[in-house]
Amino acid sequence: MRQDRGMVQKKIAVVTGASSGIGAATARRLAAEGFHVVAAARRAERLEALAADLGPACATAVTCDVTSDESVAALAAAVDRLGGSLTLLVNNAGGARGADPVAEGSVDDWQWMYDVNVLGTLRVTKALLPALEASGAGTVVTVGSTAGFVVYEGGGGYTAAKHGLAALVGTLRLELAGKPVRVVEIAPGMVRTDEFALNRLGDQAKADAVYAGVREPLIADDIADCIAWAATRPQHVNVDRLVVRPLAQAAQHKVVRE
């Protein structure tokens with residue numbers, strides 16, 4: 001979906017991984033907050049449906065694969081064509097594959113998780129940072145995970161990637177000190193979405209078992225609410241890291257099941 005330069009008068013927010021789950025919920029919430037949302041993800045049909053639902057004044061769909069330099073460059077070009085002021089980037093694209101122990105870990109799965117979670121965030125942030133800084137009031141929000149600072153059995157590949165992502169975010173904040181760009185990390189614990197556990201485990205029964213007996217795990221709208229809250233604080237207020245878990249999860253390894 002393309003729009004001519006100068007059509008967008010609102011502040012622009014880019015959300016990656018916007019075709020489902022936390023990304024789609026965040027796109028809807030930011031549109032309600034008054035942003036023009038550039039919804040970016042690989043699945044074009046879902047993006048187009050989301051953008052159509054929000055309306056052309058509120059959203060633009062851009063197909064983007066964060067593992068591709070060329071695709072991310074095209075995303076940056078599409079944002080530039082809108083002609084507005086890019087003030088917010090939400091790095092949400094990511095995911096997990098497999099739950100193998102380290103001794104049996106799939107190199108392909110580990111490579112995919114690092115490329116999507118870490119290098120994908122690097123690509124998009126590099127491409128859009130000049131515009132965020134030029135706005136004079138930019139914000140980079142990255143959706144990490146509590147897996148970024150706590151490890152667990154069967155999670156070596158995912159926790160390694162999310163630890164790497166947390167290091168990227170912390171380093172970026174230091175390097176941008178003195179510049180008009182805030183750097184925020186949102187670290188969710190247990191969030192039940194339609195796809196995360198299913199994509200990781202490849203089996204609906206196994207995915208359902210992750211949340212079995214847990215009273216009110218977080219949902220995508222809960223995280224979207226946190227992202228919107230952090231992004232809409234006064235510009236001098238930087239939420240370095242917001243850790244958010246359901247009440248039933250006291251820690252990564254402590255989950256109450258009924």
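## Surface and charge

The chain exposes about 12,000 Å², of which carbon and sulfur atoms supply 53%; accessible areas here come from the Shrake-Rupley method with a 1.4 Å probe, and for residues only the protein chains shown count as cover. This is a predicted model, in which local features need pLDDT of at least 70 and side-chain atom pairs count only at pLDDT 80 or more, while totals for chains, interfaces and linings use all residues. Residues are numbered from 1 along each chain as its sequence is written, and side-chain values use heavy atoms, with hydrogens and water left out.

The chain carries 26 positive and 28 negative side chains, and the centres of the two sets lie 4 Å apart. In this count Lys and Arg are positive and Asp and Glu negative, with His and the chain ends not counted, and the place of a charge is taken as NZ of Lys, CZ of Arg, CG of Asp or CD of Glu.

## Overall fold

The chain contains 8 helices and 9 strands, where helices (H or I, at least four residues) and strands (E, at least two) are DSSP runs numbered from the N terminus. The radius of gyration of the chain is 18 Å, close to the 18 Å that the globule rule gives for 258 residues, so the chain is as compact as a globular protein of that length; the radius is taken over C-alpha atoms, and the rule is 2.2 Å times the number of residues to the power 0.38. Along the principal axes, the C-alpha atoms fill a box of roughly 50 × 40 × 35 Å.

Of the 258 residues, 48% count as buried, a term that means under 20% relative accessible area, with exposed meaning over 50% and partly exposed in between (1.4 Å probe, protein chains only). Among the contacts (heavy atoms within 4.5 Å) with a separation of 6 or more, 69% come from residues 24 or more positions apart.

Asn91 lies in strand 4, which spans residues 85-91, and is buried, with a relative accessible area of 2%. The Asn91 side chain makes a polar contact with the side chain of Thr125 at 3.0 Å, and another polar contact, of 3.4 Å, joins the side chains of Asn91 and Thr142. A polar contact is a pair of N or O atoms within 3.5 Å; within protein, one must be able to donate a hydrogen and the other to accept it, and residues adjacent in sequence count only if both atoms are side-chain atoms. Leaving aside neighbours within four places in sequence, the residues in contact with Asn91 include Thr16, Thr121, Val124, Val140, Val141 and Val143.

Leu75, in helix 3 (residues 69-82), is buried as well, at a relative accessible area of 1%. Beyond residues up to four places away in sequence, Leu75 touches Val14, Val38, Ala40, Val62, Cys64 and Val124, whereas the C-alpha atoms of Leu75 and Met113, residues that are 38 apart in sequence, lie 21 Å apart in space.

Tyr158 is part of helix 5 (residues 156-175) and counts as buried at 7% relative accessibility. Although Tyr158 and Ala96 are 62 residues apart along the chain, their C-alpha atoms are separated by 5.8 Å. Ala96 is also among the contacts of Tyr158 outside four places in sequence, together with Gly95, Met113, Ser145, Ala147, Tyr152, Phe196 and Arg200.

Glu153 is found in the loop between strand 5 (138-143) and helix 5, where Glu153 is exposed, with a relative accessible area of 77%. The C-alpha atoms of Glu153 and Val102, which are 51 residues apart along the chain, are separated by 8.6 Å.

## The loop between helix 7 and helix 8

Tyr211 lies in the loop between helix 7 and helix 8 and is buried, with a relative accessible area of 7%. The side chain of Tyr211 reaches the backbone oxygen of Val191 at 3.2 Å, and the contacts of Tyr211 outside four places in sequence include Met190, Arg192, Thr193, Ala197, Pro217 and Arg257. Tyr211 and Glu153 are 58 residues apart in sequence and 17 Å apart in space, C-alpha to C-alpha.

Glu216 belongs to the loop between helix 7 (204-210) and helix 8 (220-231), but Glu216 is exposed, with a relative accessible area of 66%. Most residues other than glycine have a negative phi, yet Glu216, which is not a glycine, has a positive phi of about 50°.
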